[in-house]
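Subject: Structure handover

Hi,

Here is the structure I promised to pass on.

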Amino acid sequence: MDPTFEEEAEQAVTLNEYLEQVEERELEADLVLGGDDGKECTYGKGYLKRQAIFSCLTCTPDGNAGVCTACSLSCHDGHQIVELWTKRNFRCDCGNSKFGEFYCKILPNKDVENTENSYNHNFKGLYCTCSRPYPDPDVEEQVEMLQCCLCEDWFHEEHLGVESSDEIPRDEEGEPLYEDLICKPCSEVCFFLNLYPKSIWAEGKQLDATVKASKDKGVLEDKPSTGKSEDLTGDTSNNSPKVVDSKDTVNSESVSDGKSMLQVGNCESTSNGKSMVQGGHVNGGLDGGKCVDIAESSDMKVDCVLGVDIAAVSPVLPSKAMFLSKNWRDALCKCNKCMEFYREKRITFLTDKEDSIAEYERVAKQKRAANIEQQEGAELSLFNNLGHIEKVEILKGIEEMKDGLRSFLESADTSKPITAADVHQMFDYIKKKRRRDDVK
């Protein structure tokens, strides 16, 4: 068989397959752009919680600026552009002081600098701890990279600290079973996640805590008491993120109301379900070496999910990335003390559901559906507003297209692939046929 024919046959697709591919590409673009049509610079909207951002290496080779979708298309067309997917809390830099004499064609009057923007080596087109570009010109086979939900950098699997790719939660088809990834460096900040139920972790053993989620109350619940304190710090053999302190250890015992009681130092949980501290270092406070009620102290509220000041315990740094399950952010405690810790570590965005990529894509799908419905409605409205003659002409044209396509497919050689030249020939045939009909 002719090698050229074999190559063409391998590239041949059915009409339905082609339309499905177009639909998939459009959906993928909409998910990245968040439904942004690229017609308006987003600068006027301030620091958006999340938006698609691009870096122009032609204008800012140092990689210290980012532009929105509209500016990447209107102001930087033909430039060397780096697609950064999405960034949080970002405002379009196009045309500010970082661009020298270059000004934004859409909104030329902008502040000199966006002081709240954050930049990393992604803006230079580099990713991961290895600081390599993507695609990597020195690698024959490009591998998928995974994004951390904290630093928003992208990582190769082998640089996540996992022993093998099997540790990454995926289904049989290779699709991720986790909603968010926290890279190894960022996981050091999030050691406190080890104190939460196993349900926040994506499928696959990542920690060996003894707590589980309460289905009714959404708070920590203990296993049946064995009369001994059970360790919440995890199994060291699993390299899991864990919390330990040389003087104060965090333990848990069962209580009748289903809430998690934590024992710190030499103090035991009281019968009324309140955690007490004696001579420890938890910020519930000390009272002459006596037990102090953490829940009733001025800094710790009764509704704290964990019941312990996470800023007071010393973490053992984790050695690998964390993979979090769907809706894991909903389980995060939002009491005053925990929120104070989040603010100190600059991770309060984790408590905002709108910050997540999953929510960003959900909203994008809604915008896409609304736009398609609006477009279809506009087309139907246009057709209904046409006169009788115009409507007949349109319907006639549709019938001619269907007849022409049917004739073409019936006469085509099924042993050969359909080429672009064949399609052009089909349209020429339809045009000639219409001219003959018009003459009659």
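One definition before anything else: I call a residue buried under 20% relative accessible area, exposed over 50% and partly exposed in between, with a 1.4 Å probe and only protein chains counted. Please keep in mind that this is a predicted model, where local features need pLDDT of at least 70 and side-chain atom pairs count only at pLDDT 80 or more, while totals for chains, interfaces and linings use all residues. Residues are numbered from 1 along each chain as its sequence is written, and side-chain values use heavy atoms, with hydrogens and water left out.

**Overall picture**

The protein chain has 8 helices and 17 strands; these are DSSP runs (H or I of at least four residues for helices, E of at least two for strands), numbered from the N terminus. Of its 440 residues, 39% are buried. If you take the contacts (heavy atoms within 4.5 Å) with a separation of 6 or more, 63% of them join residues 24 or more positions apart. The chain exposes about 25600 Å², and carbon and sulfur atoms supply 49% of that. Areas are from the Shrake-Rupley method with a 1.4 Å probe, and for residues only the protein chains shown count as cover.

**Helix H7 and its surroundings**

H7 has 24 residues and spans 35 Å from its first C-alpha to its last, close to the 34 Å expected at 1.5 Å a residue. That expected span is 1.5 Å times one less than the number of residues.

Which residues of H7 are buried? They are Glu400, Gly404 and Phe408. Glutamate 400 counts as buried because its relative accessibility is 14%. Beyond its neighbours within four places in sequence, glutamate 400 is in contact with Ile430 and Arg434.

Aspartate 403 also sits in H7, but at 36% relative accessibility it counts as partly exposed. From C-alpha to C-alpha, aspartate 403 is 8.7 Å from isoleucine 430, although the two are 27 residues apart in sequence.

There is a nonpolar surface patch here as well, about 470 Å², made by Met401, Leu405, Leu409, Ile418, Val423 and Phe427. To qualify for a patch, a residue needs over 30% relative accessible area and no salt bridge; like charges are joined within 9 Å, and nonpolar side chains (Val, Leu, Ile, Met, Phe, Trp, Tyr) within 5 Å. Helices H7 (388-411) and H8 (420-439) each supply at least two of the patch residues, and H7 has the largest share, with 3.

**Salt bridges**

How many salt bridges turn up in the whole structure? The search finds 17, counting a side-chain nitrogen of Lys or Arg within 4 Å of a carboxyl oxygen of Asp or Glu.

- Aspartate 355 and arginine 329 meet at 3.0 Å, N to O. Aspartate 355 is in the loop between H5 (336-345) and H6 (357-384), and arginine 329 is in the loop between S17 (322-324) and H5, so this pair ties together parts that are 26 residues apart in sequence. Aspartate 355 is buried, at 4% relative accessibility, and so is arginine 329, at 5%.
- Arginine 362 and glutamate 359 meet at 2.6 Å, N to O. They are 3 residues apart in H6, so about one helical turn separates them. Arginine 362 is partly exposed at 38%, whereas glutamate 359 is buried at 14%.
- Aspartate 403 and arginine 406 pair up with their closest N and O atoms 2.9 Å apart. They are 3 residues apart in H7, again about one helical turn. Arginine 406 is partly exposed, at 41%.

Salt bridges that share partners also join Arg50, Arg88, Glu152, Asp180, Arg329 and Asp355 into one network.

**A strand pair**

Strand S1 (residues 48-56) is mostly covered, with 8 of its 9 residues buried. S1 pairs with S2 (residues 81-90) in the antiparallel sense over 7 bridges; strands count as paired if DSSP finds at least two bridges between them. Alanine 52 stands opposite threonine 86 in S2.

Cheers
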